[in-house]
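Trainee: Please take a close look at a single part of this model for me. I would like one connected walk-through, with the cut-offs spelled out.

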Amino acid sequence: QIQISESGGGSVQPGGSLRLSCAVSGSFYKMYGMGWYRQSPGKERELVAMIQDRGSSSYAESVKGRFSISRDNSKKTVYLQMNSLRPEDAAVYYCKAKITVTYGHTYDYWGQGTQVTVSS
């Protein structure tokens, strides 16, 4: 059974930093793109950053230059380093992984989310 577990959320002051981690457990054939999304109250879930299996990455305009996504395939983990946090970055952050469980069976798996609070 595949599970996605996020960690690293918390409360910081504006300008602070946090590092989120997303670990994938279970048996599968291959892991492709992994991404971080966020959702704040009253808003739709939005893509924050995405990293492909070969390392190429993309970011939402609002976080470019402040956030950095990386992955360690040997640990089946993706990270989101968040610097210069702003109050508008506060949200529940979700990890999504596109995984081929067995050949021909590829699915998106979501974590439960981790809360990020940015306030003074």
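**The open sheet, its loops and its disulfide**

Mentor: S84 is partly exposed, at a relative accessible area of 40%. Partly exposed is the range between buried, under 20% relative accessible area, and exposed, over 50%, with a 1.4 Å probe and protein chains only. This is a predicted model, where local features need pLDDT of at least 70, side-chain atom pairs count only at pLDDT 80 or more, and totals for chains, interfaces and linings use all residues. Residues are numbered from 1 along each chain as its sequence is written, and side-chain values use heavy atoms, with hydrogens and water left out.

S84 sits in the loop between β8 and β9. Strands here are DSSP runs of E, at least two residues, numbered from the N terminus. The phi of S84 is positive, about 50°, although S84 is not a glycine.

K76 also has a positive phi, near 50°, and is a residue other than glycine. Its place is the loop between β7 (67–72) and β8 (77–82). K76 is partly exposed, with a relative accessible area of 29%.

Now the strands on either side of that loop. β7 and β8 run antiparallel and are joined by 6 bridges. Two strands pair if DSSP finds at least two bridges between them. D72 stands opposite T77 in β8. In general, strands of a sheet pair through backbone hydrogen bonds, either parallel or antiparallel.

Step back to the whole sheet. It is open and has 4 strands, in the order β1-β3-β8-β7, with antiparallel pairing. β1 (3–7) and β7 are the edges; each has a single partner strand, so one side of each lacks a neighbour in the sheet. On average, neighbouring strands of this sheet are turned by 15° against each other, direction ignored. The axes are lines fitted to C-alpha atoms, and angles run from 0 to 180 degrees between N-to-C directions.

A disulfide is a pair of cysteine sulfur atoms within 2.5 Å. That rule gives a count of 1 disulfide. C22 is joined to C95, S to S 2.1 Å. C22 lies in strand β3 (residues 18–25) and C95 in strand β9 (residues 91–102), so the pair ties together parts that are 73 residues apart in sequence. The torsion about the S-S bond of C22 and C95 is about -75°, so this disulfide is left-handed.

Are its two cysteines buried or exposed? C22 is buried, with 0% relative accessible area. C95 counts as buried too, at 0% relative accessibility.
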